[in-house]
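The sequence and structure come first, and the notes follow.

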Amino acid sequence: MNRQLLLSFQGPHHPEILSRLGALLDSWPVLLLDLHGLEQDQIFSGLWQLEWVSEQDPQLMEKSLCSLMQEFDMQFRLSQSEAQPKKEQRFILTLLGEHLSTSLLAQLLQRLQQEELLVHGLQPLESQRLRVLELQLRTHQQLDRPRLLRDLLPLHQQHHVDFALQPESLFRRHKRLIVFDADMTFIQCEIINEMSQLVGCEAEVKVLTEAAMRGELDFEEALRARVRLLKGLHRDDLESLLRQLPYTPGVRRLVRVLKQLGYKLALLSGGFQLFVDHICEEFHLDYGFANSLEWQDGRLTGELLGEIVDGQRKAQLLQEIAAREGIVPEQVVAIGDGANDVQMLAIAGLGIAFNAKPVLQERASGQLNQPNLDALLYFLGLSGQELANC
Ligand SMILES: [Mg+2]
């Protein structure tokens, strides 16, 4: 009669343990069906699923295992497998902040325990200006990742610590495409507000922009209303804006490092193509899409040309670029700050809300509330030591 057995063990790591265990199992008619083993510092543990294909009682096997495990000062348990063990899911939770307090860790670990998420590893990535810690998590339960992230938001607010939660997979450290929002993400202004100053309608435009970014107004409707207010603005008046775009601190280093790592870079903006083209040229970005203004005799007509780049179009463009480059969505990073970034962040493998409005923070897989955009690199699993060489 065949029996399926689970062998779990834990104890001080010893280089010989695996080979001795293998030799012992080989002395019986035992098949290895599945195994999970891990080493954490000096502790070694594992969960192996075995098929015992003998008529003999597994107690005999247990006896031999007992003397082997005693020899290596390890604890073990051999149990009958009632059913196939549920597939294990693994996640990486990255914490990033100026301080990581023990109070934060206590509250966080309690919350993770409630979700039956087991912390099986801790990896500090940086301990200089920022403290960055990766928690390796595993569970056999179905995790509601968006709900857990929403539940962690109060911890972020209370302790000023950013979180990103990602499935641990082949793609986590092998992202290949990054998609940036422009206004208040790649640059530190809303371009349309800056343009409105040139025609003296700043207050009206600003109110519409803020309501649209909070998701309180339909994006296209708010955009068309603001562009109508810009009617008559001359192309030459925009030169000083183009020359003095306030790039977000850290963006040049971020772009340089991502290019070294072979990333494709795209800028997807609900703003205007004129500015996106300028930024793409300056930073040698691979793709840039935004809305096209209509000009007549060098002046704005107050109308837009072609398809509007709103939240839905940004998400479509992300998919089109990824498909063109042969990149799966799990290998895409999207980062933005406004309501019109919700959809593109939702389909990216890693969607980061950058100093974002609450509507986006509640839907992202992580949030970054730092002045410097290059802090994003930690969420890609890069350590301070690795970055020092970039
Ligand atoms: Mg924005």
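What percentage of the 390 residues in the protein chain is buried? In this predicted model, buried residues account for 34% of the 390.

**Overall form**

- The protein chain contains 15 helices and 15 strands.
- Its radius of gyration is 27 Å, whereas the globule rule gives 21 Å for 390 residues; the value is well over that figure, so the chain is more spread out than a compact globule.
- The C-alpha trace spans about 95 × 40 × 35 Å along its principal axes.

**Contacts along the sequence**

- Taking contacts in the protein chain between residues at least 6 apart in sequence, 64% join residues that are at least 24 apart.

**Helices α5 and α6**

- Helix α5 covers residues 191-199 and helix α6 covers residues 202-213.
- Their axes come within 8 Å and cross at roughly 165°.
- Angles over 145 degrees count as roughly antiparallel, and α5 and α6 are therefore roughly antiparallel to each other.
- The crossing of α5 and α6 is right-handed.
- Sorted by class, the contact of α5 with α6 has 4 polar, 2 nonpolar and 2 charged residues.

Definitions and conventions:
Residues are numbered from 1 along each chain as its sequence is written. This is a predicted model: local features need pLDDT of at least 70, side-chain atom pairs count only at pLDDT 80 or more; totals for chains, interfaces and linings use all residues. Axes are lines fitted to C-alpha atoms, for helices over the stretch in contact, and angles run from 0 to 180 degrees between N-to-C directions. Helices (H or I, at least four residues) and strands (E, at least two) are DSSP runs, numbered from the N terminus. Angles under 35 degrees count as roughly parallel, over 145 as roughly antiparallel, 65 to 115 as roughly perpendicular and the rest as oblique. A crossing is left-handed if the near helix is turned anticlockwise from the far one by less than a right angle, and right-handed if clockwise. Ala, Val, Leu, Ile, Met, Phe, Trp, Tyr, Cys and Pro count as nonpolar, Asp, Glu, Lys and Arg as charged, and the others, Gly among them, as polar. The radius of gyration is taken over C-alpha atoms; the globule rule is 2.2 Å times the number of residues to the power 0.38. A residue is buried if 20 or more other C-beta atoms lie within 10 Å of its own, exposed if 12 or fewer, and partly exposed in between; C-beta atoms are placed from the backbone. Two residues are in contact if their C-beta atoms, placed from the backbone, lie within 7 Å.
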